[in-house]
Amino acid sequence: MKNNYQLLTNVINKMNVPFTIRIAVKKQTAEVKNIFNKIIQDTKLWLETIDTEFSPFKSDSLVTKFRNGNKEIILQSDRFGEVYSLSSLAKDETEGFFNPFFDGGYNPTGLVKGWAIEKIFNQKLLLLLRQAEIVGVSLNGGGDIQTAVDPKSDFQWFVGIENPQKAETIIGQYALKNSGIATSGLSKRGEHIKRVNSSIQQVTVVADSLTEADVWATAGMAAGTDKFLQLIAKNQLSGILVDKKIGEVLFERGDVQDDQAS
Amino acid sequence: MKKIIGYLLSIAIAISVMIDGFIIFLKGGRQTQATQNSSSLTSNKSQCRSTSTQFKDGTYTGKSTKTKWGDVQVQATIKNGKISVINVLKYPDTNGHSKNINAKALPIYKSEALSAQSSKIQHISGATVTFGGFTGSLQDVLNKAKNTNNSNPSA
């Protein structure tokens with residue numbers, strides 16, 4: 001049983017990151033195109049808002065104001081309060097390996113992108129699946145992706161995992177329905193996280209929520225392979241890590257399998 | 001002139017309060033079961049919102065956010081008009097099964113050149129994320145595909 005679906009794609013460049021919106025449709029109707037154009041505009045606006053409020057590089061962003069001592073922002077902006085409490089929770093859950101206070105001030109950059117993608121996804125993109133013609137929606141911000149599908153269809157999103165050791169290749173792929181997937185590596189920008197000395201090269205985490213996947217991928221890189229393997233078991237994580245010495249390690253709900261076949 | 005500026009400012013504030021309210025309304029739709037605890041505290045907070053930036057001394061609590069790890073909200077103590085302490089209140093999920101709902105997704109696990117797979121893959125998850133960077137260019141290639149033959153290679 002093979003079904004061909006058509007893809008509609010748009011890329012928004014914000015914060016030097018490509019945000020790719022893709023939807024899968026049975027048929028491209030005028031209505032579907034209109035809906036897609038609307039969602040592009042909504043997403044653009046949202047990302048601009050997030051950049052304005054949370055950029056640590058903008059002198060008038062909420063993050064900068066908070067860092068400069070204007071702590072009242074935590075009560076004045078519900079969004080800031082939400083990010084603040086989520087990042088504090090993430091720090092506890094990851095035993096401090098995700099740490100938004102690593103540089104003395106508060107810097108939630110490592111969480112904001114995943115959170116922002118998940119937020120607009122749940123508020124706007126998910127609603128598109130109510131349309132009979134639309135079978136899948138996805139939003140990819142620089143390699144951190146949230147996906148959803150119409151449960152009545154057989155559609156799945158195939159996500160390739162970049163190979164950190166060999167350019168232009170992938171180490172595997174996931175078939176996803178409703179998931180968040182995030183990858184963190186040595187070259188990931190904007191995480192601003194202190195790392196222990198380790199041969200870990202890349203961490204990919206799959207979870208229901210992209211915020212959670214993003215936090216764990218970042219924490220995994222910070223923790224290094226040995227400690228992260230303990231955290232994987234304790235928190236029943238799913239994903240793949242790449243270590244320079246031991247190669248690729250696949251983990252599924254906390255169970256770790258060494259994959260030497262590849 | 002000053003009057004006009006003041007007037008415009010108050011309109012701007014009113015609009016921003018309305019927008020905030022709208023966002024809360026949107027969020028509220030998804031968070032159907034806020035804990036009783038948080039809803040009583042939220043009313044406390046919306047009072048402080050209407051009095052703009054000047055906070056009276058006391059303890060204020062932000063909006064509650066649902067997460068897989070339980071509900072969270074910020075709590076701030078104001079002393080002499082300034083925040084003296086910030087706490088994050090956590091209400092762990094007492095059902096106990098919140099830890100066990102991670103996505104089940106076994107990868108099709110092969111190392112090969114992307115081009116061979118590109119008809120089936122729609123996204124790349126990677127760590128090199130800049131616009132025009134490595135993942136960007138791989139994703140660019142994938143983005144050119146208009147159709148997807150959505151069959152599971154392992155099936």
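Colleague: The charged end of which residue sits over the ring of A:Phe66?

Modeller: This is a predicted model, in which local features need pLDDT of at least 70, side-chain atom pairs count only at pLDDT 80 or more, and totals for chains, interfaces and linings use all residues. Residues are numbered from 1 along each chain as its sequence is written, chains are lettered from A and ligands numbered from 1 in the order in which they are written, and side-chain values use heavy atoms, without hydrogens and water. A charge sits over a ring if NZ of Lys or CZ of Arg is within 6 Å of the ring centre and within 35 degrees of the ring normal. At 4.9 Å from the centre of the A:Phe66 ring, the residue is A:Lys71.

Colleague: How many aromatic pairs does the structure hold?

Modeller: Rings of Phe, Tyr and Trp (its six-membered ring) pair if their centres lie within 6.5 Å; planes under 30 degrees apart count as stacked, over 60 as edge-to-face and the rest as tilted. Over all chains, the number of aromatic pairs is 13.

Colleague: What angle lies between the planes of A:Tyr5 and A:Phe155?

Modeller: The ring centres of A:Tyr5 and A:Phe155 are 5.4 Å apart. The pair is edge-to-face, with an angle of 85 degrees.

Colleague: Why is the pair of A:Phe66 and A:Tyr106 edge-to-face?

Modeller: The centres of these two rings are 5.6 Å apart. A:Phe66 and A:Tyr106 count as edge-to-face because their planes stand at 70 degrees.

Colleague: Is A:Phe66 buried or exposed?

Modeller: Buried means under 20% relative accessible area, exposed over 50%, partly exposed in between (1.4 Å probe, protein chains only). Like A:Tyr106, A:Phe66 is buried.
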